[in-house]
Amino acid sequence: MGSRGGRRGRVFDHGDLRLVVLALTAQSPRHGYEIIKVIEEKFGGNYAPSPGAIYPTLTLLDEQGLLKGEVDTDGKRRYTVTPDGEAYIVAHRDTIDGVMVRMELMARRMAGHMPPERVMQAMQTLKQALLLREHGWTDASVAAAAAAIETAAREIVDGPR
């Protein structure tokens, strides 16, 4: 999400907005405008997705059977999560949680909360270590690397346990 390798511009990576919209709609049935406003609030007013991104995403999720849009008494289409959508959320919980955390971190970044340069350099070192690993990835090495990174992330945010 956001700025990879110094690139700026995109707030959401491919497919992330779809997961955010699905997750927000699972919390509460919503109109497209309400989804835009919730995301804008999560970004502290520093970002709001355009209607040209939200409404096609809602239509896609509706066509996929993950959301159901129905016109309410105000004449607006309100979306709710379908049973298939709920099953999708359960099956992809880790991915959705990751996207929501990245969205929160991007919001902090947009608000001007940037880590010191030494930390930025350490992030690049970690990225290179993961990309340049000489040995193949086994299930055990994937689990160990993910656990180490997740533990480090929690300690950075919450402090050592």
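A salt bridge is a side-chain nitrogen of Lys or Arg within 4 Å of a carboxyl oxygen of Asp or Glu. The exercises below apply this and related criteria to a predicted model, in which local features need pLDDT of at least 70, side-chain atom pairs count only at pLDDT 80 or more, and totals for chains, interfaces and linings use all residues. Residues are numbered from 1 along each chain as its sequence is written, and side-chain values use heavy atoms, with hydrogens and water left out.

**Exercise 1. Salt bridges around Arg78**

Solution. 
Step 1. The structure holds seven salt bridges. In one of them, the side chains of Arg78 and Glu34 meet at 3.5 Å, N to O.
Step 2. Arg78 belongs to strand E3 (residues 77-81) and Glu34 to helix H2, so this pair ties together parts that are 44 residues apart in sequence. Helices (H or I, at least four residues) and strands (E, at least two) are DSSP runs, numbered from the N terminus.
Step 3. Arg78 also meets Asp72 in a salt bridge, at 3.8 Å, N to O.
Step 4. Arg78 is partly exposed, with a relative accessible area of 28%, and Glu34 is partly exposed at 29%. Here buried means under 20% relative accessible area, exposed over 50%, and partly exposed in between (1.4 Å probe, protein chains only).

**Exercise 2. The aromatic cluster**

Task: Identify the residues that form one aromatic cluster with Phe12.

Solution. 
Step 1. Rings of Phe, Tyr and Trp (its six-membered ring) pair if their centres lie within 6.5 Å; planes under 30 degrees apart count as stacked, over 60 as edge-to-face and the rest as tilted. By this rule the count comes to three aromatic pairs.
Step 2. Phe12 and Phe43 form an edge-to-face pair, 6.3 Å centre to centre with 85° between the planes. Phe12 is in the segment before helix H1 (16-27) and Phe43 in the loop between helix H2 (32-42) and helix H3 (51-63), 31 residues apart.
Step 3. Both Phe12 and Phe43 are buried. Phe12 and Tyr47 also pair edge-to-face, at 6.0 Å centre to centre and 65° between the planes.
Step 4. Tyr47 lies in the loop between H2 and H3 and Phe12 in the segment before H1, so the pair ties together parts that are 35 residues apart in sequence.
Step 5. The cluster therefore consists of Phe12, Phe43 and Tyr47, and Phe12 counts as buried because its relative accessibility is 8%.

**Exercise 3. The nonpolar surface patch**

Task: Name the helices that each supply at least two residues of the nonpolar patch.

Solution. 
Step 1. Leu126, Leu130, Trp137, Val142 and Ile149 make a nonpolar surface patch of about 410 Å².
Step 2. The helices are H6 (117-131) and H7 (139-158). Ile149 is placed in helix H7.

Conventions
Patches are made of residues with over 30% relative accessible area and no salt bridge: like charges are joined within 9 Å, nonpolar side chains (Val, Leu, Ile, Met, Phe, Trp, Tyr) within 5 Å. Accessible areas come from the Shrake-Rupley method with a 1.4 Å probe; for residues, only the protein chains shown count as cover.
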